[in-house]
Amino acid sequence: LILFAPTSFLLGVLSPYLAKFAVTSLDSTGSSIANLSSLNSIGGIVGTFLTGFVLFGYIGSRETLGIVALMLLVCSWLLIPNWRWMWRVGASFVIVVAVGLPVQVAAGLHIDTPSAHYVIYEDWDPSEPQSTRGIASGPTGIQSGIYVNQPDKLLFWYTKQLAQLVEAAPNKQNILILGGGTFTLPQLLANKYPSSMIDVVEIDPTLESIAKKYFEYKSPSNVTLHFADARSFINESSKRYDVVIVDIYNDTSVPFSLMTREYGEAINRLLTVNGVVGVNMIAGQQGACRELLQALDAPYRRHLPQVTYSEDKKQTVRANMVVAYSQQPVQWTGANTLSLPKGVSYSDNFAPAERLQQACIDES
């Protein structure tokens with residue numbers, strides 16, 4: 001309200017104000033208003049595409065907002081240069097200073113890419129004890145990381161569980177990992193299983209250079225990186241995999257395209273006969289988090305009836321869960337059978353991912 005309401009109100013004044021000047025007679029009212037509406041639509045289209053496809057991609061969001069603010073300021077002086085000029089000089093000075101002020105951000109190294117804003121943190125793990133380095137794309141937690149002095153050692157509970165699941169899989173010649181992060185798990189698997197071929201799908205190509213510079217990623221020869229949307233990749237791929245690892249999050253939210261029947265069918269099509277799917281989920285077995293868990297579970301269980309899971313015991317209502325799906329039982333360390341009532345099977349046409357995830361967050 002503080003940032004946008006005054007601005008929206010003042011910008012909303014423009015159209016009726018311009019209409020007042022454009023309309024000179026009753027006969028020209030229709031054409032004058034139509035011309036203003038057309039110019040407004042053209043300006044909106046040009047502004048949207050210029051901002052989204054050019055400015056955000058080359059100079060960043062804060063700089064783009066600064067340019068827009070200064071352009072509006074310049075236009076106001078050009079249109080009516082002498083109107084209340086002393087008052088406007090003061091207001092213009094305040095705006096220029098505000099635009100030029102450095103933005104205070106949280107501690108850590110901040111990196112902007114065309115698709116995300118990342119923060120790299122240094123921390124200390126008292127249980128080891130040793131320094132850690134992690135990367136976050138949102139405010140609720142670190143998504144990927146390493147021990148600074150032992151970069152080949154997995155840092156997070158869920159990546160360790162996924163590695164154990166891969167070890168228990170009957171075959172692992174071809175492995176697909178959806179969601180690369182800083183590629184800690186692919187690198188570990190590549191070193192542990194040198195005869196395996198590992199495909200990693202990651203939407204942000206900048207993460208490869210970030211991983212190499214800050215997270216000791218070495219580009220193993222048996223790892224192939226595919227920079228693409230995960231759903232698009234599996235829709236188009238014809239390769240068959242023994243193991244599929246799904247670890248895709250926007251901060252702590254799963255994209256809706258990975259919660260649908262069509263997605264489950266595409267995943268199942270990529271699996272070999274004894275293939276295993278391992279999924280990192282953030283959900284729970286109580287209340288609203290249970291409803292989210294059922295929605296995340298449904299696309300896989302529809303085709304793969306053997307379901308086992310491991311849950312992070314440090315968390316309560318809403319927790320990290322690693323869930324394995326297969327046609328035949330797979331025994332892996334710490335796993336239990338996941339028994340759930342059949343949930344709603346959503347489709348590409350309707351998958352209320354945001355509502356389900358927010359309800360789970362609110363409850364926890």
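Predicted model: local features only at pLDDT ≥ 70, side-chain atom pairs only at ≥ 80, totals over all residues.
## The eight-stranded sheet

Eight strands build an open sheet with mixed pairing. Their order is β8-β7-β6-β9-β10-β12-β11-β13. Strands β8 (223-227) and β13 (336-337) stand at the edges. Each of these two has a single partner strand, so one side of each lacks a neighbour in the sheet.

Helix α9 (residues 261-270) touches β6 (174-178), β9 (241-246) and β10 (271-283). The direction of α9 makes about 140° with that of β10. Helix α10 also packs on the sheet, and its contacts are β9, β10, β11 (306-311) and β12 (319-326). Between the directions of α10 and β10 the angle is about 165°.

## Nonpolar cores

The largest nonpolar core has 43 residues. Those touching the most other members are L176, L178, I234, V244, V277, M281 and Y325. V244 shows what such a position looks like. Leaving out residues up to four places away in sequence, V244 touches L176, L178, I267, L271, V276, V277 and G278. A second core of 36 residues is separate, and I111, A163, L165 and V166 are among its members.

Strand β4 (residues 144-147) is covered on both faces. S144 and I146 lie on one side, G145 and Y147 on the other, and all are buried. In a regular strand, side chains alternate between the two faces of the sheet.

β4 pairs with two strands described here, β3 and β5. With β3 (residues 130-136), the pairing is antiparallel over four bridges. There, S144 of β4 is the bridge partner of I135. With β5 (residues 150-154), the pairing is again antiparallel, over two bridges. On that side, I146 stands opposite L154 of β5. A hairpin of two residues joins β4 to β5.

The structure holds one disulfide. C289 and C360 form it, with their sulfur atoms 2.0 Å apart. The torsion about their S-S bond is about 95°, so the disulfide is right-handed. The pair links distant parts of the chain, 71 residues apart. C289 sits in helix α10 (residues 287-301) and C360 in helix α11 (residues 353-363).

| Cysteine | Relative accessibility | Class |
|---|---|---|
| C289 | 0% | buried |
| C360 | 0% | buried |
| C75 | 40% | partly exposed |

## T113, a buried loop residue

T113 lies in the loop between β1 (109-112) and β2 (117-125). Is T113 buried or exposed? Its relative accessible area is 11%, so T113 counts as buried. Which side chain does the side chain of T113 meet in a polar contact? The partner is the side chain of D204, at 2.8 Å. Apart from residues up to four places away in sequence, T113 touches Y118, D204 and T206. D204 is therefore both a polar partner and one of the residues in contact with T113, which is buried at 11%.

Technical notes
Residues numbered from 1 in each chain as written. Heavy atoms only, no water. Buried < 20%, exposed > 50% of the residue type's maximum accessible area, 1.4 Å probe, protein only. Pairing = 2+ DSSP bridges. Disulfide = S-S within 2.5 Å. Contact = heavy atoms within 4.5 Å. Axes fitted to C-alpha atoms, helices over the stretch in contact; angles between N-to-C directions. Core = buried A, V, L, I, M, F, W, Y, C linked by side-chain atoms within 4.5 Å. Polar contact = N/O pair within 3.5 Å; in protein donor to acceptor, adjacent residues only side chain to side chain.
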